[in-house]
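Subject: Model handover

Dear colleague,

I am passing on the structure we discussed.

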Amino acid sequence: MAILVVGSVAFDTIQSPYGKVEKILGGSATYFSLAASYFTEVRVVAVVGEDFTNQQENVLRQRGIGLEGIQRAKGKTFHWGGEYGENLNEAKTHFTELNVFQDFQPQIPARYRETEFLFLANIDPVLQGQVRRQMNGTPLVGGDTMNFWINGYRKDLLETLKLIDILLINDTE
């Protein structure tokens, strides 16, 4: 059994009551992949920039995550910066630098097309729909979204929600 996750592999700069970290490995596909890798085989499709090094890639590789679907592009990796207060369910965004993620067009490797399960991590709902249609035989599809897509791309998001079976969403969104 395996699961394919398509989404962001990124850098995060995070401040919380517990401290601040800069440009750590982040992104919705990263977090999902690391968690899921404790239970099943995970395959990732994402895009990273020239600043994404072997050090970051090895974090995923050490968990046995399939990286054949990682696309490398000229430019910088997606970078998000934000702050969490006492309620760690609520994030305040300070900046979003899409960088190479802005032109991301997910390419599913042929070997990944037969993956049993699909998780559409937090990306543009139009891209989520395109990936879902490429993986037409997948019996169970999960998805993730956030306020950026809910508020700015509602119509596209509502169409994409029709294509998934499970939705993960922060209760404050």
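This is a predicted model: local features need pLDDT of at least 70, side-chain atom pairs count only at pLDDT 80 or more; totals for chains, interfaces and linings use all residues.

Nonpolar cores

The largest nonpolar core has 21 residues, and those touching the most other members are L4, V6, V45, F104, I108, L118 and V131. Two or more residues of this core come from each of β1 (2-6), β2 (10-16), β4 (41-48), β8 (117-120) and α3. Another core, of 18 residues, lies apart from it; L25, A36, A46 and F119 are among its members.

Leaving out residues up to four places away in sequence, L4 touches R43, V44, V45, I108, Y112, T115, F117, L118, F119 and M135. L118 lies in strand β8 and is buried, its relative accessible area being 2%. With the same exclusion of residues up to four places away in sequence, L118 touches I3, L4, V6, V131, R132, M135, T138, L140, V141 and G142.

Helices

Helix α3 (residues 125-134) packs against helix α5 (residues 154-161) at an angle of about 25 degrees, and their axes are 8 Å apart. The angle is under 35 degrees, and α3 and α5 are therefore roughly parallel to each other. Their crossing is left-handed. On the α3 side the contact is made by P125, V126, Q128 and G129, and on the α5 side by D156, L157 and T160. By type, the residues of this contact are three nonpolar, three polar and one charged.

Helix α1 (residues 28-36) has S28, A29, T30, S33 and A36 as its buried residues. The elements covering these buried residues include β1, β2, β3 (19-26), β4, α2 (54-61) and β9 (140-144). A36 is also one of the residues in the core of 18.

A loop residue

N89 is found in the loop between β6 (79-84) and β7 (91-97). With a relative accessible area of 43%, N89 is partly exposed. Not counting residues up to four places away in sequence, N89 touches N170, D171 and T172. The C-alpha atoms of N89 and L140 are separated by 26 Å, and the two residues are 51 apart along the chain.

Regards

Methods: Residues are numbered from 1 along each chain as its sequence is written. Side-chain values use heavy atoms; hydrogens and water are left out. Axes are lines fitted to C-alpha atoms, for helices over the stretch in contact, and angles run from 0 to 180 degrees between N-to-C directions. Helices (H or I, at least four residues) and strands (E, at least two) are DSSP runs, numbered from the N terminus. Angles under 35 degrees count as roughly parallel, over 145 as roughly antiparallel, 65 to 115 as roughly perpendicular and the rest as oblique. A crossing is left-handed if the near helix is turned anticlockwise from the far one by less than a right angle, and right-handed if clockwise. Contact means heavy atoms within 4.5 Å. Ala, Val, Leu, Ile, Met, Phe, Trp, Tyr, Cys and Pro count as nonpolar, Asp, Glu, Lys and Arg as charged, and the others, Gly among them, as polar. A nonpolar core is a set of buried Ala, Val, Leu, Ile, Met, Phe, Trp, Tyr and Cys residues joined through side-chain atoms within 4.5 Å. Buried means under 20% relative accessible area, exposed over 50%, partly exposed in between (1.4 Å probe, protein chains only).
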